[in-house]
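Let's take a walk through this one together, chain by chain. Have the viewer open and follow along.

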Amino acid sequence: MKRLHLFIGSAALLGLVLFMSGCPSSGNLLDTRDAAMKTYVAPGEHDEFYAFMSGGYSGQVSVFGIPSGRLFKVIPVFSQDPESGYGYYEESKALLNTSYGFIPWDDSHHPHLSQTDGMADGRWLFINGNNTPRIARIDLKSFKTVEILELPNTGGNHGSSFVTQNTEYVIGATRFSIPYEIDREVPISSYKDNFKGALTFIKVDPKTGNMTLDFQLVVPPYNYDLARAGKGKSADWYFFTTYNTEQAHTLLEINSSRNDRDYIAAVNWVKAAEYVRQGKGRRVPANYHHNTYDPATSLVNSKIQKDVWILEPKDAPGVMYFLPTPKSPHGVDVDPSGELLVAGGKLATVIPVHSFSKMLTAIENKEFDGEMNGIPIIKYESTMIGEVENPGLGPLHTEFDGKGFAYTSVYISSEVVKWSLETFKVVDRIDAYYSIGHLMIPGGDTRRPFGKYMIALNKTPKDRYLPVGPKQNHPAQLYDISGDKMQLLLDFPTIGEPHYAQGIRADLIAPNSMKIYPLETNGHPHAIKSVNESRVVREGNIVRVYMGMIRSNFRPDNIEGIRLGDTVYFHITNLEQEWDVLHGFAIKGATNGEVLLSPGQTKTFKWEPTRTGIFPFYCTAFCSALHQEMQGYVRVSPRGSNTPITFGTGTR
Amino acid sequence: MKRPTLPLLILLIAACGGQPETQQTTSQKPAIDLTPFQLEHGIGPVTSNPELPPISPELVAKGAAIFEMKCVSCHVMDERFVGPDLRDVTERRSAAFIQNMILNPSDMIRKHPEGKKLLADFMTPMPYQNVTEEDARALLEYLRSVAPKP
């Protein structure tokens, strides 16, 4: 029967199933309807939810429709994208600048939508870069990456990029602890003495979304794995999971799995920010990039920051506490009321649930069990409110349906367990194919989840699809969670390795989606606003081609006077003003690919010809019936030749 | 998401050899009958064709600037280019027709007999260039100003 469910996601195949199984009576027509009907979005109709999935080792974000599982777009974020030219054309390169230079790739893990009053508001999507620690912001009007901030003192920004309930802050958290001093090298065996952790608090401008690194909290050298901001009553707090409280620096598989309990770190970010405003802490040297796209000019401003404000918990009483929790926890998730903190212990035999109110009481009564670097450790029994028994092997992450239930992904036994937030008893469980990591319910991390669908983000499909060699794309699975029992509806492949995902009602984003970049507001310094402004200008060895594109020609399309040794900048403007009419530009032998332009956009393509000759260029995006006619030639003459600059299209 | 009752049922019935009564899908809308006004003055937001006042130089200047940014790629005076020569367009078409063609080209080239003819002749569909009704009125004024003097 599960096999059958696999296939019935598509209406065409449903017909095939019916054909093969004989024509239905009205009775079994109803039987076969369920899963297909629940995921079928008729041609021309729209999905109910957007799902934004991280790309993991692709470094990008992909956008799917739910319940259809249709892929709408891959948004380039941390990795170069030859398809669009992102990271290749001049303006976009600066987004990928870091203190280590230009970096063409990263590992994107946890997308998080901006929130207002604890609900996703559809304005921006934040996502962390894990390897060279960064946070990116995607604008959800243009579906474009508009800002990337590098995080200093961080080695693997994994516990990121979760926002507070009104997007006051977005968080960074180091997975690897490292020495704080810039480029300091020490014996690795001096880990306990020289290594430190960093939790990074990034302020978000409520109007523009622009990020500013406000301060870092210096914490013991554990691995900070995941984070969540509180909500409602716990909205002033961030919670982080730690593992490797053993402070091992080698063979962590064994050495960081010795302690029966690690910690949830609870941080009162409001209080911490107050201390910083009062001047507590100090400014230390740092070196990190902050790259911001300016929508007025389409240019990216890449700024190097030279210091960062740090605060130590011992100087900031009341800011940070440790809550012991079993054992190498992965996710820490906060229920819709803000009261329950659910830790997924990768190696734990239960799912521990902590109470925020009990935590406050324990802090007030000083129910502590020692301290670490001035951070009080609260007694386990003091915050514990329940332990979910028999959760399967390897519980990881929890989302909520807003109807009193939690759903926890369980990796080793590859299942989702549904349990009651009142009784802490498992009420249902269902298999995930195979090896589930995160799971996502649209709004399932907010104050009011849309408890209709749940998506499992799995690590391997094995035999679920037609095989495509030794490496298969990661699968997602869609479940109906509207009833008492979870029901599998659909399998679909994804891009890269989605770690976490976010889901949001389509009507919170779709009406704001931009259709064009208006030419009137194109402030790019090299834009042309009319084909009559197209021209070629020589400035020493630099030649600037101010080029326009319109169906179906380039202005200019015949260019002469380029010489070997020249650097040619094609400043290209797509003069179309109609939704989704793209033009692309590619020229023979160019080592940086092509560039795609949306209507009204200006981008710069750099070309350094290495051979003389005639170089054809053409539009790479099928734009019109005469697309194949949209082409041109550049003549490249020898170094020192006196071929004059000439250019034109037709007789103009 | 709407419940996919009809198309899916049609698919199922078709798979079983039944004869569906209707074949209508969401993408095939029935042809619209054009009104006499639309036949003469085009389909779009401009629904009357009053007598025009004398040419306003301010409006001509505004229209010329918009024409330079958004139209000149395809329309060149006294020449058949990507699109038709517009020198005498105000003599060939009504004011309302011209504005509707500017404001609603996608319907004009798909539903209006004159628009369909233009598409078949020039092959490149005229795009909507993100202009307002005021912009279209200014463009009309510019086109009036360049027309041959009687």
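Read along the sequence, chain B goes α-α-α-α-α-α-α-α. That makes eight helices and zero strands, in what is, keep in mind, a predicted model. Of the 150 residues in chain B, 33% count as buried. If you take the contacts in chain B with a separation of 6 or more, residues 24 or more positions apart account for 72% of them.

For a closer look at how these helices meet, pick out α3 (residues 57-70) and α8 (residues 133-146) of chain B. Their axes come within 7 Å and cross at roughly 100°. With angles from 65 to 115 degrees counting as roughly perpendicular, that makes α3(B) roughly perpendicular to α8(B). Which residues of α3(B) meet α8(B)? On the α3(B) side you'll find B:L59, B:V60, B:K62, B:G63, B:A64, B:I66 and B:F67. Facing them from α8(B) are B:D135, B:A138, B:L139, B:E141, B:Y142 and B:S145. Sorted by class, this contact has eight nonpolar, two polar and three charged residues.

Now switch to chain A, which has nine helices and 45 strands. Its radius of gyration is 27 Å, close to the 26 Å that the globule rule gives for 652 residues, so chain A is as compact as a globular protein of that length. Along its principal axes, the C-alpha trace of chain A spans about 85 × 75 × 45 Å. Buried residues make up 52% of the 652 residues here. Among contacts in chain A between residues at least 6 apart in sequence, 61% join residues at least 24 apart.

On to the sheets. Strands of a sheet pair through backbone hydrogen bonds, either parallel or antiparallel. One open sheet in chain A has four strands in the order β3-β2-β1-β34, and the pairing is antiparallel. At its edges sit β3 (71-75) and β34 (501-505) of chain A, each pairing on one side only. The twist in this sheet averages 20° from one strand to the next. Zoom in on β1 (residues 49-54) and β2 (residues 61-66) of chain A: they pair in the antiparallel sense over six bridges. There, A:F49 stands opposite A:I66 in β2(A).

Another open sheet of four strands in chain A runs in the order β20-β21-β22-β25, again with antiparallel pairing. β20 (329-334) and β25 (384-389) of chain A stand at the edges with a single partner strand each, so one side of each is left without a neighbour in the sheet. Neighbouring strands of this sheet are turned by 20° against each other on average, direction ignored. β20(A) pairs with β21(A) (residues 340-345) in the antiparallel sense over four bridges, and the bridge partner of A:D333 in β21(A) is A:V342. A helix joins in as well: α8 (residues 356-364) of chain A packs on the sheet, touching β21, β22 (350-355) and β25 of chain A. The direction of α8(A) makes about 60° with that of β22(A).

One last stop is a loop. Between β28 (415-420) and β29 (426-431) of chain A you'll find A:E422. Is A:E422 buried or exposed? A:E422 has 9 C-beta neighbours inside 10 Å, so this residue counts as exposed. For a sense of scale, A:E422 and A:H524 are 102 residues apart in sequence and 57 Å apart in space, C-alpha to C-alpha.

Conventions
Residues numbered from 1 in each chain as written. Chains lettered and ligands numbered in written order. Predicted model: local features only at pLDDT ≥ 70, side-chain atom pairs only at ≥ 80, totals over all residues. Helix = DSSP H or I, 4+ residues; strand = E, 2+ residues; numbered from the N terminus. Buried ≥ 20, exposed ≤ 12 C-beta atoms within 10 Å, placed from the backbone. Contact = placed C-beta atoms within 7 Å. Rg over C-alpha atoms; globule rule 2.2 N^0.38 Å. Pairing = 2+ DSSP bridges. Axes fitted to C-alpha atoms, helices over the stretch in contact; angles between N-to-C directions. Parallel < 35°, antiparallel > 145°, perpendicular 65-115°, else oblique. Nonpolar A, V, L, I, M, F, W, Y, C, P; charged D, E, K, R; others polar.
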